[in-house]
Amino acid sequence: MYLKTISLTNFRQFSVKEDETPGITVQFSPKFNVIVGENDSGKTAIIDAIRYLLGSISNDFEKIKQEDFFCYAKDKYTDNFYIEGTFTSLSDKEAGLFLEWLSFDENGDYELRVSLKVERKRNDNGQEYIDQRIQAGEKNFEFRLSSKARDLLKTTYLKPLRDADTELKPGIRSRLAQILKVHPAFKKESSETNHSLEQIMQEANDKVEGFFKEDYVEDHSLVSDIESLLSDFYDNKDQNKAKTNFSVSSTDLSSILRKLSINTEDVNLGLGNMNLLFIATELLLLNDYVESSELVGPHITLIEEIEAHLHTQAQIRLIKYLEEELESNSQRAGQFILTSHSTNLVSSIDPKNIIFIQGNVAYPMRREFSELEDNDFEFLERFLDATKSNLFFAKGVIFVEGDSEMLLIPALANFIGYPLHKYGISLVNVRGTSFERYIKLFSRSTLWKESMKLPSITTPIAIITDIDVKPWVYYEQEEKNKAIYSILNEEELDELLTICNISREKIIEENIGNEYSTLKKLANDFKFEISSQNTDYLEKIAKKEITPEYINACSRDKFRQIEDKYEKYDANLKLCIAPQWTLEYCLALSSLAPILLEAVQEIRYKKPYEGKQYEVFQSLMSEFDKGTLETEKIAYEIFKPINNKLVSKAEVAQTLAVKLNNLTKEEVKHMEWKEKINCDENLKYLINAIKHTSSIIGSESNEDE
């Protein structure tokens with residue numbers, strides 16, 4: 001059995017919804033769950049709710065506090081809160097143990113509902129007290145859950161910011177003693193028999209007592225000397241109180257365990273290594289010593305901030321151990337529910353195990369609740385690195401194609417007054433155009449929308465992408481062949497399939513819109529055969545005469561293809577498509593062209609402002625002062641070294657970013673350039689992306705590109 005859902009009503013930040021449903025309901029996977037989200041999203045509240053409802057194996061005492069009740073106004077709290085958990089996949093043995101509280105789900109399978117209702121009341125003397133009731137059973141027919149049944153549901157809990165050194169030390173509150181006490185190695189066969197450790201300790205005590213009773217000189221032992229002194233302190237009637245002996249420990253098992261400590265053979269362990277030792281000790285509570293077929297109950301392990309005190313590689317090794325242990329051994333009993341703030345840790349696990357908390361809604365990432373498919377999970381597990389996984393902790397996300405955008409966008413955002421770090425925006429470089437898989441993370445499935453009736457993820461997302469259609473000036477300036485081969489849209493693809501008599505499955509559709517110099521190259525990429533019978537027909541479909549009108553049509557088709565591709569997803573998405581060719585070409589057309597020209601010049605030449613290359617630079621720079629009508633030709637001249645790979649795109653973007661940051665520091669120039677940039681049609685798509693993800697709603701960010 002496992003905890004399928006937990007619902008919280010009026011518990012901490014989770015109140016009750018307008019339709020009287022719980023403030024939050026979390027759907028868990030049977031094995032492994034990692035709850036992520038920004039600070040104060042409610043991760044700890046969910047973990048604590050499970051502990052309050054089910055208790056812990058170590059019997060930690062949890063006192064209900066005023067702060068556990070929902071605060072609806074300053075210093076005003078509700079008088080009650082309600083927590084409900086639902087267990088499913090009960091075995092026949094488990095069903096028998098919980099028989100009197102069982103109900104059935106919509107599929108007729110066993111289900112166990114457990115609830116905790118907490119109310120603040122006053123007694124007859126006017127004193128406030130907390131009334132707690134743990135019940136189980138079908139809705140409106142619950143009754144008290146027995147202590148025996150409750151014991152089967154108890155969790156193993158590892159608190160955040162663990163003080164491992166203190167927890168593992170001996171003492172009356174020893175955590176180690178609590179852990180060992182419930183381990184079967186310390187269970188007695190009956191109350192009348194001594195545990196073998198008690199027998200060992202009794203033998204040790206007898207030997208120690210014998211040592212201190214031995215005479216170290218004639219008629220003198222340590223015990224007799226102490227008794228002789230004590231006898232003078234008591235009157236004749238209390239002489240029996242002077243009798244003493246030495247012992248190592250009380251011989252009852254609890255006393256023995258409280259005096260134990262644990263450490264590795266290595267000395268001077270740091271906090272991180274002590275933390276690993278503590279976690280390993282806590283995992284003794286997972287009952288690995290019992291055959292899974294004999295286990296009953298969910299065996300839930302709760303771990304808050306598993307990354308606490310651990311460096312990156314230790315985090316990854318620990319989380320992969322836990323994840324792989326559960327995934328590789330399907331017979332292993334137990335369910336893990338963890339919280340984390342670590343992007344390194346989140347990036348190393350299977351995305352289907354993530355539960356994303358936002359706006360008092362828990363969004364499971366597994367397939368039935370998201371648009372992700374099996375191959376998407378495989379892709380994301382490979383490519384969702386620590387840099388990209390910060391999208392789960394962001395207030396807004398901008399996806400970009402490459403390094404140029406990664407370097408330039410933060411500087412541009414800072415320049416126009418929306419610094420990404422202040423608005424909690426994550427910039428994610430997908431190193432290509434594979435945006436769709438990431439957008440699926442933020443899109444909900446039909447099952448979610450129809451059965452859960454909860455809002456979709458509201459994180460504002462923007463995609464910044466190039467249109468990748470070469471402008472007419474390129475063909476003019478380069479005197480390129482004025483004909484190319486291309487399949488531009490679905491209609492042309494359908495014609496191609498009919499002519500070649502092949503199925504769509506055999507075609508690589510991602511090549512739609514690509515340009516080829518020959519029909520043969522197009523056929524190789526699309527994976528179809530050219531024959532004497534179909535060549536003329538294919539030429540009519542695929543051959544394109546390059547004209548300004550054709551380029552405009554291509555641009556419109558490309559815009560529509562990109563929009564159609566993402567229209568089906570319900571993410572809070574804004575598509576920000578370069579109006580011309582690429583990012584760098586748009587910059588060359590924009591008011592930033594003079595600064596871009598400087599950046600290209602400085603990257604391309606060791607002595608950029610000397611000699612012949614400086615004369616060319618001055619000639620181009622002078623065109624900006626003339627207000628020339630040949631803007632596109634000038635833009636292409638600036639962009640040409642980038643397009644021909646004479647300079648690195650990333651280096652140019654970095655230099656341009658530095659220049660923008662320097663301009664930001666000069667108040668007069670900053671205001672002058674800021675006005676130009678905000679009104680620039682060629683930069684509008686970048687500014688819209690920044691404003692959308694900053695949650696700045698206005699006419700500028702909502703206009704159609």
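Which residues lie nearest the centre of the largest pocket? In this predicted model, where local features need pLDDT of at least 70 and side-chain atom pairs count only at pLDDT 80 or more, totals for chains, interfaces and linings use all residues. Residues are numbered from 1 along each chain as its sequence is written, and side-chain values use heavy atoms, with hydrogens and water left out.

Back to the pocket: Thr433, Glu509, Glu510, Ile512 and Lys565 lie nearest its centre, out of a lining of 35 residues. A pocket here is an open set of points on a 1 Å grid over the protein atoms alone, where a 1.4 Å probe fits and protein lies on both sides within 12 Å along at least five of seven lines; lining residues have an atom within 4 Å of a point. The volume of the largest pocket comes to about 1300 Å³, counted as the space filled by probe spheres set on the points, with grid points joined across faces, edges and corners. Helices H12 (374-383), H14 (435-441), H17 (490-500) and H20 (548-567), along with strand S18 (461-465), each supply at least two lining residues. These elements are DSSP runs numbered from the N terminus, helices being H or I of at least four residues and strands E of at least two. H20 gives the most, with seven residues. By class, the lining has 19 charged residues, eight polar and eight nonpolar; Asp, Glu, Lys and Arg count as charged, Ala, Val, Leu, Ile, Met, Phe, Trp, Tyr, Cys and Pro as nonpolar, and the others, Gly among them, as polar.

The second largest pocket holds about 970 Å³. Its lining has 37 residues, with Thr5, Ser7, Thr25, Gln27 and Met452 closest to the centre.

Turning to the sheets, one is open, with six strands in the order S11-S12-S13-S3-S14-S15 and mixed pairing (two strands pair if DSSP finds at least two bridges between them). S11 (156-158) and S15 sit at the edges with a single partner strand each, so one side of each has no neighbour in the sheet. Within this sheet, S12 (300-303) and S13 (335-339) run parallel and are joined by four bridges, with Ile300 opposite Gln335.

Another open sheet has four strands, ordered S17-S16-S18-S21, with parallel pairing. Its edge strands, S17 (425-429) and S21 (573-577), each pair on one side only. Neighbouring strands are turned by 20° against each other on average, direction ignored; axes are lines fitted to C-alpha atoms, for helices over the stretch in contact, and angles run from 0 to 180 degrees between N-to-C directions. Five bridges link S16 (396-400) to S17, and Gly396 stands opposite Ile425. Helix H13 (403-415) packs on the sheet, touching S16, S17 and S18, and its direction makes about 160° with that of S17 (contact means heavy atoms within 4.5 Å).

Helix H27 also lies across this sheet, over S16, S17, S18 and S21, at about 165° to S18. Of the residues of H27 (684-693), 10 of the 10 are buried, so the helix is largely enclosed by the rest of the structure. Buried means under 20% relative accessible area, exposed over 50% and partly exposed in between, with a 1.4 Å probe and protein chains only. H27 is followed by Ser695, whose phi is positive, near 60°.
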